[in-house]
Amino acid sequence: MLAFLIRRIAQAAVVMFVISLISFSIQDNLGDPLRELVGQAVSEQERNALREEMGLNDPFLTQYWRFAKKAVQGDLGDSYFFKEPALQVILKKLPATLELVFGATLIIVLLSVPLGVFSAIRPRHWLSKLVMGVSIIGISIPVFLTAILLMYVFAIELGLMPSFGRGELVHVFGYWDSGFFTWDGIKHLILPSIALSSIMLPLFIRLIRSEMMEVLESEYVRYAWAKGLNPKRIYFLHALKNTMLPVITVGGVQIGTMVAYTILTETVFQWPGMGFLFLEAVNRVDTPLIVAYLIVVGAIFVITNTIVDLIYGLVNPTVKLAGKQ
Amino acid sequence: MKKTLGIIAGAVLSLGLVNANAATLKLALDADPVSLDPHEQLSGGTLQLSHWLFDPLIRWTKDLTFEPRLAEKWERVDDLTMRFHLRKDVKFHSGNTFTAKDVKWTFDRLKQSPDFKGIFEPFADVKIVDDYTIDLVTKEPFPLVLNNATYLFPMDSAFYSGTDDNGQPKDLLVKHGNSFASRKASGTGPFTVSYREQGVKVEFARYPGYWDTKSPGNVDKMILTPIKEDPTRVAALLSGDVDYIAPVPPTDLKRIESDKNSKLVTMSGTRIITFQMNQNRRAEFKDPRVRLAINYAINQEAISDKIMKGFSTPAAQLSPKGYLGYNADLKPRFDLKKAKELMKEAGYEKGFSITMMAPNNRYVNDEKIAQAAAAMLAKINIKVDLKTLPKAQYWPEFDARSADIMMIGWHSDTEDSNNFYEFLVMCPNTETGAGQYNSGNYCNPKVDEMVKEANKVTDTKKRAEIMQNIEKTLYDEGAFIPLHWQDLAWASKKNVGAEEVLNVMDFPYFGDLVIK
C-alpha cells in the first residue's frame, strides 16, 4: 500500500513537470499579456519597457528556471489579473467547482444505477426503451447547448430558477463557501448540475445496463436462479456488485473529465469556479494563472485515479495494486 | 433612559423616512473593473468605475458639452492657461477635505501612468493659486484642455500617502502587483466599495457625505456582477435577476424590446470600424485607384443592414456626427461598376490575391464583417485569404502587420477627431508615436501638417474647417476603408431610469440614477 502510494506520488511529480513544461512552452502562442494590461493608446516602447520589467523578454529557459525554482516551493507565480498568487486564486475557486461536480455526480449516481439496472432487467419494457432513446439525445447534444436550453426554459420562460451565479452562500471554513445549506444556494445549483451531468448520465446508464446484462448471463447468476434464490438478492447483491467494478473504473476517469466539462457549464452559468476562471485567463492571456490551472487539474486527475485504484481494491479484493506485493 | 430610546427611535424613524425611496441596483456587465486604481489602465471599465468612486473636475453631458463637477467654473486666463475654481465643502470618503493640492497630486500621478500620460502630455503643470483655485498650464496653445480635464479625477492625496502593510508606498502605480491603490480607494464620488471579489462581484454603497445633495439619484446600494457570456447576461435581465445589463448583443435587441418588463436604450456610437490596406506589403495599394476601387466595392449599408441588423451607422469617414471633424458631404459610395473601372484603369482587371486578418471577439460581429468584405472584394477579382483570431492573438499579429488588410476599430479617448488621425492615419513614426495603429502605412505629409495645426488652433470654427478638410483628403485618396460606427445598447428593467444617466461615452452616471 505504502509502496503503491510512493510510486503514485513519483508519477504525479513527473506528470506535473511535463504539464508545466508544456504549458510554459505554449504561452508565447496565447497572445501578448501586456495587451490586456494596458490601454490601447499605450506605445510599443512603453509596452516593451513593461515587458522587460516583468521578465517576459528573457529566453525561455531563463523564464522556466525562474518559474521552476519558485514552483518547487509551492509558488506558481502571481496572476496578472487578480494580482494574487495564482495557486491561491485557483484554490479559492476550487470549492465552487467541486460543489458543482458533486451536484452532478449526485444526479448521476442517483439516476444511473436504478435506470441502468431496470433497463437491464426489463429490456423490453417501454420505460427502458424511453430511457435508451433519451440517453442517445443526451449524449449527442453539447453541454453548452443543454445549458442554454435549460436556462431559457426554466429561468426566462418559467421563471422558476435563477439564471446565473451561486446565490446565497454559507461560510464553512477556509475558502469554502457552500451553497448546499440554503434553499437559494441549492436552487442555483440545480440547473448547472443537470447541465453538467447531461453528458455523463446517459453514458453511465448505458454502461451499467450493458454490464448488468452481461453479468446476468454469467454462470454464477444462472446457478443462483437454479438454487432458487430471491430475485432481489440475485439482482442487487450478486449481480450488481460485479456490475459496479468496471463502472467505478470508468467513473473515476470521468470525474476528472467532468472537471474539464465544468469549463463550459461554468461559463454559461457564470459559475465562479475554476473552469470559468480558466477560460477567462485564456481570454486575458493571464499566463501564470493558465499554467497553475493546468498543473492543478493534472493533480486532480492523478489524485482521483489513485483513489479509484484504492476503492477498486476494496470492492474486489482479488485485484492486486501495482507495487503491492 | 426612556428619553435616549426615544431619540434613537426618532433617529431611526427619520433615517427610514429619508431612505424611503432608496433602491438597490443590480447590474451585470461583461467584465468587472480590473483595479480600483483609476490610473492603472486606460479603459472603458476603469473610467466607468472612476465616475462611481471619484468625480472629475468636469464631465461630459449627454449632448457632448461639459458640466461642472469638482470644478464649479472655469475660465481661460491666457493662451496657455485655463483656471478652474474648485468646489468647497467636498469631503473624500476618508473624511479628508478636498482642496487644490489633491488636484495637483493627482495630476503628478497621472503623468507617471503609462496609460494616462499620453493624454496629459500637452500639459506642463498644475499651479495652485489658492486652496480652491488651480491653473492648468499647457506647453503650447492647446484646444482640448476641457476634453482632457474630464480625465482628472482628484484622488485623496492624504489617504494615498505613506506606506502600506507590505512596506510599499500607498500611491505605488503598478500593472501587475498587489498595490494599495488597486485594493483601496478614497474619492469624492457617490459610491464607496463595500465588498469586492474580483471576477465575481463588486458591491457599492452610497457615500452618505456625498457633496452633490441636489443629485436626484436614489440608488443606495449597487451590486455589479460580471457576466461574460452574452446569452447569460440577457437571461439574467429577462428572468429578473438583475436590473441593468450592458452591453446588449445585437442578436437579442428584439427579444428585449418585446419583453414587457424590460426596456432598451440605444445610441449611435462613436467607435469607428475600419480596414487598413498595407502599402508596404503590397505595391498595388500604393496606387490610389486601387484603394478607391476597394472603397467603391465595399457596401457599408449592406453590412450595416444585413450583418449588424441596423445596429450601426454606415461610415465614409472617421469622425462620427457631433465631432468637429465630421464632414457631412462624405457619404458611403458603393458602386461596383466604378470599382471595376478603376481596377481596369490601374491595370489590375484580372485582380490579385491578398491576405486579410480580423479579430473574432473584439468588435461586434467582427468575423462576419470580415467575411462579407472578403466576398465583396471577390467581385472585383481580389481574392482574399482571410484569417480571424481571438483578440489575445490578434494584437501581436496587428503589431507585426502580418496581413495585407487588417481590421482596426477606434474610439477617440478625447472625444475629438484629432485622436483618430494621430493614431490611424498619420505617417507611422516610432519616435513620436504617431500612426501607432496605422497598419496601412498610409502617409501624406499634408495630412500630417493639418493634424499638427489642428492641435494648436484654439478657435473652434477654424479647427473644424481643418479637420473636415482632413476627412475630405482621406476620402478622396481612399486612405483606408471605413465601415461603420458601432451602436451602443443598454437594457434595464422598466422602472430604472437608465436613459437619463447614459451617454455616448458609455459612462453611466449611476450616482444620478433614479429607480422608481
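This is a predicted model: local features need pLDDT of at least 70, side-chain atom pairs count only at pLDDT 80 or more; totals for chains, interfaces and linings use all residues.
**Stop 1: chain A**

Select chain A. Its secondary structure comes to twelve helices and two strands.

Now show the C-alpha trace alone. Along its principal axes, the trace of chain A spans about 85 × 60 × 35 Å. Chain A has 325 residues, and 35% of them count as buried. Turn to its contacts between residues at least 6 apart in sequence: 71% of these join residues at least 24 apart.

**Stop 2: chain B**

Switch to chain B. Here there are 16 helices and 17 strands. The C-alpha atoms of chain B fill a box of roughly 100 × 55 × 45 Å along the principal axes.

How does the radius of gyration of chain B sit with that of a compact globule? A compact globule of 516 residues would have a value near 24 Å; chain B has 25 Å, which agrees.

Buried residues make up 47% of the chain B total of 516. Of the contacts in chain B with a separation of 6 or more, 68% are between residues 24 or more positions apart.

**Stop 3: a four-stranded sheet in chain B**

Select β4, β5, β7 and β6 of chain B. These four strands form an open sheet in that order, with antiparallel pairing. Look to the edges: β4 (71–78) and β6 (123–130) of chain B each pair on one side only. From one strand to the next, the twist averages 20°.

Strands of a sheet pair through backbone hydrogen bonds, so display the backbone for the next step. Zoom in on residues 81–86 and 133–138 of chain B, which are β5 and β7. The two strands pair in the antiparallel sense over five bridges. Which residue of β7(B) is the bridge partner of B:His85? It is B:Thr133.

**Stop 4: an enclosed helix**

Stay in chain B and select residues 230–238, helix α6. Seven of its nine residues are buried, so the helix is largely enclosed by the rest of the structure. Colour the buried ones: B:Thr232, B:Arg233, B:Val234, B:Ala235, B:Ala236, B:Leu237 and B:Leu238. Then move just past the end of α6(B). B:Gly240 takes a positive phi there, about 85°.

**Stop 5: the nonpolar core**

Show both chains. The largest nonpolar core has 204 residues. Pick out the residues with the most contacts inside this core. In chain A they are A:Ile90, A:Ala292 and A:Tyr293; in chain B they are B:Ile245, B:Ala293 and B:Ala297.

Centre on A:Tyr293. Which residues does A:Tyr293 contact, leaving aside neighbours within four places in sequence? They are A:Ile90, A:Met274, A:Phe278 and A:Ala281.

**Stop 6: where the chains meet**

Finish at the contact between the chains. Chain A gives 37 residues and chain B gives 35. On the side of chain A that touches chain B, the elements giving two or more residues are α2 (33–37), α3 (44–53), α7 (143–157), α10 (231–269) and α11 (274–283). The largest share comes from α7(A), with four residues.

Colour this side of chain A by residue class. Its residues divide into 20 nonpolar, nine polar and eight charged.

Definitions and conventions: Residues are numbered from 1 along each chain as its sequence is written. Chains are lettered from A and ligands numbered from 1 in the order in which they are written. The radius of gyration is taken over C-alpha atoms; the globule rule is 2.2 Å times the number of residues to the power 0.38. A residue is buried if 20 or more other C-beta atoms lie within 10 Å of its own, exposed if 12 or fewer, and partly exposed in between; C-beta atoms are placed from the backbone. Two residues are in contact if their C-beta atoms, placed from the backbone, lie within 7 Å. Two strands pair if DSSP finds at least two bridges between them. Axes are lines fitted to C-alpha atoms, for helices over the stretch in contact, and angles run from 0 to 180 degrees between N-to-C directions. A nonpolar core is a set of buried Ala, Val, Leu, Ile, Met, Phe, Trp, Tyr and Cys residues joined through C-beta atoms within 7 Å. Ala, Val, Leu, Ile, Met, Phe, Trp, Tyr, Cys and Pro count as nonpolar, Asp, Glu, Lys and Arg as charged, and the others, Gly among them, as polar.
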